[in-house]
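Reader: I am new to this structure. Please take me through one part closely, step by step. I would like to start with the charged side chains and go on from there.

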Amino acid sequence: MSEVRGGSSPSTAPPARSSIVKIVSASMLGTTVEWYDFFLYGVAAAVVFPAVFFPAADPTAGTLLALGTFAIGFVARPIGGLVFGHYGDKIGRKKLLVLSLLMMGVSTFLIGLLPGYATIGIAAPLLLVLLRLVQGFALGGEWGGAVLIVSEHGDPARRGFWASWPQAGAPAGQLLANGLLALMAVVQSPEAFESWGWRIPFLLSAVLVLIGLYVRLSVEESPVFRDAQARAAERTAAGKADVMPILDVLRLYPREVLTAMGARFAENVAYYIFTIVVATYMKERFGLPSSFVLGAVLIGAAVHIVTIPVWGALSDRIGRRPVYLFGAAGVGAWAFAFFALLDTQNFALVSIAVVVGLLFHGAMYGPQAAFLSELFGTKVRYSGVSIGYQLASVLAGGLAPLVAASLLAVYGNGYAIAIYVAACSVITIVAVALYSETRTRRLDADDALPPAR
């Protein structure tokens with residue numbers, strides 16, 4: 001097992017517990033808000049947007065068009081990752097986290113005000129696509145900064161545990177998004193929900209963003225990054241200015257970028273199948289109401305929040321790789337049982353399908369933040385994790401709803417989708433198994449050198 005090369009530094013000392021708890025809380029709260037906004041769109045794209053923004057004689061065509069705008073958000077994520085990663089490595093994680101939160105909140109609020117196709121015609125879906133691109137761009141820069149500011153502050157011996165809490169912001173955002181949409185769907189008639197009820201959760205994003213900004217502005221930059229900035233200033237003073245972080249990533253870390261991308265495949269695809277595609281599947285195949293599907297995902301998200309830090313803590317004890325590989329193999333096998341349980345149309349069994357699927361997913365998502373952070377040196381870490389993470393998002397999660405909806409339309413059942421998930425699991429298993437364990441790597445080591453493999 002290898003470590004990054006370099007000497008000791010004062011920044012390796014674990015921060016006070018009150019300090020790390022504050023940092024983790026700020027990071028998780030902001031991440032929850034951003035994922036709430038992003039997932040709110042995903043759920044609405046499956047159950048509301050086809051009728052509001054893409055009316056067509058063929059309901060399947062409307063669903064595919066709506067899910068296509070969901071995928072467009074993923075196209076913007078690598079661009080956001082590049083831009084935010086570059087400036088995050090240059091000027092700091094905190095400033096970029098605040099900017100990403102503002103961009104996400106404003107775009108989500110405006111979606112809630114956007115007139116439908118019946119009111120302004122083709123301008124409605126065009127504006128929807130534009131706002132979705134802004135969402136994707138903002139989220140592309142959010143993830144890297146949120147997990148790095150925790151990873152670089154935390155006790156190295158518990159890095160997996162602390163860094164997993166911002167990861168729990170994803171299901172927390174999903175819980176909020178699904179919970180509010182489920183509530184609106186239950187208390188309103190289908191006509192009222194489709195007309196205006198779905199807009200309320202989008203407009204409430206403004207309140208959540210203000211709370212997230214208040215907390216994030218109170219967090220200090222990580223000592224690991226400040227040390228790296230000081231070393232960069234010394235190099236500049238000596239006439240040895242650093243190149244752009246992205247160029248160093250591509251030159252020194254090509255294997256790490258590919259490893260990060262491969263590690264994301266099963267995790268990313270499985271998550272959207274278990275939480276987004278499930279709504280499309282149950283509605284298109286069985287005609288079940290939105291509240292049925294949203295309720296099952298709501299239960300799964302609650303369990304997911306609790307178990308993600310458990311997996312992160314386990315990765316501190318036995319390593320990132322064994323926990324991650326368990327999760328990748330688990331989602332690949334469970335995908336077949338998942339659709340078998342959905343076909344029962346029994347709420348309890350559908351809920352079990354989602355809960356178990358997300359338990360396996362958490363085994364990847366819990367250690368993921370620490371694992372990806374440990375792949376790159378400090379001066380390019382934001383760029384490195386953002387590029388690897390977000391490029392995979394385009395090829396994996398961004399296409400997952402479209403691929404799944406297309407497979408459902410062609411084959412009429414979920415087993416073709418299960419084979420798709422299993423194939424993605426193989427990609428992740430190979431990527432993680434071929435890379436060395438990273439648990440003992442130090443984040444404050446010489447940031448000019450790639451990790452020893």
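Author: Start with a definition. A salt bridge here is a side-chain nitrogen of Lys or Arg within 4 Å of a carboxyl oxygen of Asp or Glu. Side chains of opposite charge can pair when their charged atoms come close. The model is a predicted one.

Take R285 and D343. Their side chains form a salt bridge, with 2.9 Å from N to O. This pair ties together distant parts of the chain. R285 sits in helix 13, which covers residues 254-286. D343 sits in the loop between helix 15 (320-342) and helix 16 (347-373). The two residues are 58 residues apart. R285 has 34% relative accessibility, so it counts as partly exposed. D343 has 24%, so it counts as partly exposed too.

Now follow helix 13 itself. It has 33 residues. At 1.5 Å a residue, helix 13 should span 48 Å. Its end C-alpha atoms are 45 Å apart, which agrees. Helix 13 is also kinked. The kink is about 50 degrees and is centred on V277. V277 belongs to helix 13. V277 counts as buried because its relative accessibility is 5%, and the cut-off for buried is under 20%. V277 and A405 are 128 residues apart in sequence, yet their C-alpha atoms are 7.6 Å apart in space. Just after helix 13 comes G287, with a positive phi of about 70 degrees.

Go back to the charges. R320 takes part in two pairings. One is with D316, a salt bridge at 2.9 Å from N to O. The other is with E374, a salt bridge at 2.7 Å from N to O. The pair of R320 and E374 again links distant parts of the chain. R320 is in helix 15, and E374 is in the loop between helix 16 and helix 17 (381-395). They are 54 residues apart. How covered are these side chains? D316 is at 12% relative accessibility, so it counts as buried. R320 is at 1%, so it is buried. E374 has a relative accessible area of 1%, so it is buried as well. There is a wider picture too. R159, D316, R320 and E374 are linked in a network of salt bridges.

Helix 12 covers residues 245-252. In it, P245, I246, D248, V249 and L252 are buried. An α-helix has 3.6 residues a turn, so residues three or four places apart point the same way. The face turned away from the buried side of helix 12 carries the exposed residues L250 and R251.

I79, L82, V83, Y87 and I91 make a nonpolar surface patch of about 430 Å². One of these residues, L82, lies in helix 3, residues 59-91. L82 has a relative accessible area of 42%, so it is partly exposed.

Key
Residues numbered from 1 in each chain as written. Predicted model: local features only at pLDDT ≥ 70, side-chain atom pairs only at ≥ 80, totals over all residues. Heavy atoms only, no water. Helix = DSSP H or I, 4+ residues; strand = E, 2+ residues; numbered from the N terminus. Buried < 20%, exposed > 50% of the residue type's maximum accessible area, 1.4 Å probe, protein only. Expected span 1.5 Å × (residues − 1). Bend = angle between axes of the 7 residues up to and from the residue. Patch = residues over 30% accessible without salt bridge, like charges linked within 9 Å, V, L, I, M, F, W, Y side chains within 5 Å. Areas by Shrake-Rupley, 256 points an atom, 1.4 Å probe, with all protein chains shown as cover.
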